[in-house]
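These are my notebook entries on a structure that I had not examined before. I record what I looked up, in the order in which I looked.

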Amino acid sequence: MPYSEGCLESLRSLLRVHSEQLGCVRIMSYVDLLDHLADALPSDLRRLEFEQYMAPRDAAALRRTHGLKELKLDIWSGEDARHEQTCIELEHFFRAPGPLERLELLGFDVFTRALGAGGLTSLQCLVLGRCYYGSLRQALAGLPCLRSLILFCPHPRPLPEVFLQITPAAIPTLEVLVVRPSLYEKPCNRSPCECENYDGHGTACARVPRLITELQGLVRRAPAPLHVMYGYSTMFFRHPVSETAGCPLCREASVEAAAVLHDYDMLPHNKLDGSVQCVKV
């Protein structure tokens with residue numbers, strides 16, 4: 001049911017009164033709400049979050065926000081016309097130049113090619129969960145300032161070829177990569193391989209070994225000192241293992257992996273237990 005004008009005006013008044021204290025606004029609504037509130041948001045609002053649903057008019061209203069540094073979209077996908085229109089409006093937003101530094105796309109089938117269309121040149125951190133990543137290489141090429149990339153529960157699952165195709169020129173500043181496979185999708189470990197969406201060419205299952213090999217190769221050829229966290233158990237880097245304790249990038253990779261564990265895997269009471277295997281490549 002749409003909000004009454006009186007209710008909307010009360011919300012706008014609250015936003016204006018508390019504009020100096022607001023750092024983040026979270027919207028959980030099944031009707032368009034940002035469309036009515038965008039002009040009342042503070043110009044220096046740092047973070048905006050959508051959960052469960054996003055109406056097309058709200059997606060269009062993103063272009064009326066100013067100075068937004070972080071955007072999180074944790075919403076359900078769909079196949080109806082409204083969802084398709086939401087995707088179109090989001091692609092328009094991603095193509096327009098803006099100051100966004102962190103983008104989290106969770107459970108949303110926006111094709112990644114739109115992310116590299118030239119509007120997100122300030123983006124430093126990209127989180128993709130259950131998204132299509134077939135055009136990830138093209139997207140990375142259009143994100144010149146990207147420092148960290150977090151992939152979890154991708155759809156389809158991360159194939160080694162995805163990382164094999166990433167060239168050094170596409171990741172000039174990438175320093176942290178976290179790859180968290182689905183907790184519910186494990187390699188079949190059979191011969192011949194029977195993993196869904198994976199062509200083992202009739203050989204024994206080698207999904208995880210091949211993926212690890214390509215991640216290590218990416219670490220070696222990356223222009224920046226790339227640190228890769230695979231799951232919650234293994235980290236790859238180029239420096240000596242003895243330097244791990246004092247390395248800020250090792251810490252950052254661990255923090256991002258822990259954030260996936262806490263925020264996205266719904267395991268808020270779990271933490272990395274210090275048993276991460278560190279591997280120099």
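Predicted model: local features only at pLDDT ≥ 70, side-chain atom pairs only at ≥ 80, totals over all residues.

Entry 2, the strands around β2. From Cys24 I followed the bridges. Its bridge partner in β2 is Arg47. Strand β1, residues 24-27, pairs with β2 in the parallel sense over four bridges. I next looked at β2 and β3, which run parallel and are joined by six bridges. Among the residues concerned, Glu49 has Lys72 in β3 as its bridge partner. Is strand β2 largely enclosed, or is it open? Five of the six residues of β2, residues 47-52, are buried, so I note the strand as largely enclosed by the rest of the structure.

I then listed the buried residues of α4: His83, Thr86, Cys87, Glu89, Leu90, Glu91, Phe93 and Phe94. I kept a general point beside this list: an α-helix has 3.6 residues a turn, so residues three or four places apart point the same way. What covers the buried residues of α4? The cover includes α3 (56-61), β3 (70-75) and β4 (102-106).

I searched for aromatic pairs and found that the structure holds one. Phe93 and Phe94 form this pair, with 5.8 Å from centre to centre and 55° between the planes. I record the pair as tilted. Both Phe93 and Phe94 are buried.

I located Val127 in strand β5, residues 125-129. I class Val127 as buried, because its relative accessible area is 1%. I also looked up its separation from Ser148, which is 21 residues away along the chain. The C-alpha atoms of Val127 and Ser148 are separated by 8.4 Å.

I found Glu256 in helix α8, residues 248-264. Is Glu256 buried or exposed? Glu256 counts as buried, because its relative accessibility is 12%, under the limit of 20%. I set aside the neighbours of Glu256 within four places in sequence and looked up its other contacts. These are Arg102, Cys125, Ser148, Ile150 and Val178.

I ended with the totals. The secondary structure comes to eight helices and 10 strands. Of the 281 residues in the chain, 48% are buried. The chain exposes about 13,700 Å², and carbon and sulfur atoms supply 54% of that area. For contacts between residues at least 6 apart in sequence, I noted that 55% join residues at least 24 apart.

Notes:
Residues numbered from 1 in each chain as written. Heavy atoms only, no water. Buried < 20%, exposed > 50% of the residue type's maximum accessible area, 1.4 Å probe, protein only. Contact = heavy atoms within 4.5 Å. Areas by Shrake-Rupley, 256 points an atom, 1.4 Å probe, with all protein chains shown as cover. Phe/Tyr/Trp six-rings, centres within 6.5 Å; stacked < 30°, edge-to-face > 60°. Pairing = 2+ DSSP bridges.
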